[in-house]
Amino acid sequence: MDSIRQKHVSKDRDLYAIMGIKREAIPAEVHKAYDILSKKCHPEYNYDPTELPIQTFSQSEYWQALNEAYEVLSDPTLRYIFDLYGEKGLQTGVCLAGWQTPVYTFSGDCTKIYSNFLANRETLLTKPKIPNADLILAMCNNDHPEVMHPVMVTLEERFHGAKKKVYYTRNIVRNGSVLSCNKDWYVEVYIPAGTPHATCLIKPGVGDIVDNTARDSMFVVLQLSHATFRASGHDLIMSQSVSLKMALLGGLLPVQTIDGRTLKIIMLPLASITSLADQQCPTLLIKGEGMPIPRSNRRGNLSIQLQAEDTLGRVLLSGVALWCANEIHIPRLRRHAY
């Protein structure tokens with residue numbers, strides 16, 4: 001991993017040094033470091049640079065740098081890009097297995113970052129009880145995986161689960177010298193149904209063989225953008241076009257789900273109910289039509305943001321009441337799937 005980082009990373013700021021943590025720190029350690037340091041450089045507290053990992057910053061400079069470091073290192077995707085390509089990779093975007101990552105710009109809203117952390121502090125500082133990728137990383141017999149690979153998946157593959165072959169070069173290293181390399185080496189990585197974007201999966205013993213010890217490899221699940229749906233946690237969000245006739249008279253609105261079914265959703269006309277008159281973009285919530293929730297039989301929800309095809313339709317939509325059979329007391333025949 002160090003050789004890969006040296007190849008790509010220019011002389012950028014060391015975000016890990018700003019937070020006073022090691023590069024192999026698990027997420028709980030990132031949150032803990034922010035919790036400690038934020039109190040030492042917060043604008044409302046007394047500032048003593050001798051108590052901080054880097055002592056050359058002013059209080060305002062450290063406050064800005066700490067929040068930017070936390071924003072990057074607490075996000076699995078941003079952290080992965082920073083590890084490989086440094087700040088330049090974040091600022092320009094990089095191509096990972098044919099997927100162009102978005103350009104990252106620091107939000108600059110330190111107060112919002114700090115407030116969000118405080119609101120979720122107890123959860124963020126608690127290590128998960130179920131051994132997930134973070135704990136597996138900490139329990140590896142090596143310090144940290146030497147090889148990190150992106151696994152590009154579609155939203156459908158995240159929904160159904162998938163097996164992906166990941167090809168990479170596996171080196172045999174002894175006493176710091178590469179003796180041989182297998183350029184056709186691959187492993188099969190199983191992506192369970194409902195696996196979130198940017199999940200880190202660890203496979204032990206499939207990395208480089210260094211001094212007769214097989215290193216571990218980390219595989220980062222990265223989802224490609226989808227033409228229709230946008231994932232938010234376990235929920236899905238989509239936009240649906242509505243005709244003027246539908247907005248005016250109501251009717252059955254066909255909606256395509258992620259698993260290929262078509263739901264017919266009842267739209268009632270403006271004259272029926274006006275409880276949504278103050279909404280400019282009515283949203284229909286359909287329970288249980290989102291992404292699978294791992295280790296359960298439940299699914300997230302599907303939010304449909306309705307958009308009229310013309311100006312008059314948009315005006316009428318602001319007063320249309322939208323209902324689904326599982327939301328009102330009418331037979332489920334009103335919600336068809338075929």
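Predicted model: local features only at pLDDT ≥ 70, side-chain atom pairs only at ≥ 80, totals over all residues.
**Exercise 1.** Find which residues of helix H6 (residues 110-119) are buried, and work out how they are arranged around the axis.

*Solution.* 
Step 1: Look for the buried residues, which are Cys110, Ile113, Tyr114 and Phe117.
Step 2: Recall that an α-helix has 3.6 residues a turn, so residues three or four places apart point the same way.
Step 3: See what the buried residues pack against: helix H3 (27-41), helix H4 (59-73) and helix H7 (121-124).

**Exercise 2.** Describe the largest nonpolar core and the place of tyrosine 34 in it.

*Solution.* 
Step 1: This core has 31 residues, and Tyr34 is among those that touch the most other members, along with Met19, Ile21, Val72 and Leu73.
Step 2: Two or more residues come from each of helix H2 (15-19), H3, H4, helix H5 (76-92) and H6. H4 gives the most, with eight residues.
Step 3: Now list contacts of tyrosine 34 beyond its sequence neighbours; they include Ile113, Tyr114 and Phe117.

**Exercise 3.** Find what the side chain of arginine 170, in strand S4 (residues 162-174), reaches.

*Solution.* 
Step 1: Arginine 170 is buried and has no salt bridge.
Step 2: Aspartate 208, the nearest side chain of opposite charge, is 5.9 Å away, and a salt bridge needs atoms within 4 Å.
Step 3: Look at the backbone instead: the side chain of arginine 170 reaches the backbone oxygen of glycine 207 at 2.6 Å.

Definitions and conventions: Residues numbered from 1 in each chain as written. Heavy atoms only, no water. Buried < 20%, exposed > 50% of the residue type's maximum accessible area, 1.4 Å probe, protein only. Helix = DSSP H or I, 4+ residues; strand = E, 2+ residues; numbered from the N terminus. Arc of directions from axis to C-beta. Contact = heavy atoms within 4.5 Å. Lys, Arg positive; Asp, Glu negative; His and termini not counted. Polar contact = N/O pair within 3.5 Å; in protein donor to acceptor, adjacent residues only side chain to side chain. Core = buried A, V, L, I, M, F, W, Y, C linked by side-chain atoms within 4.5 Å.
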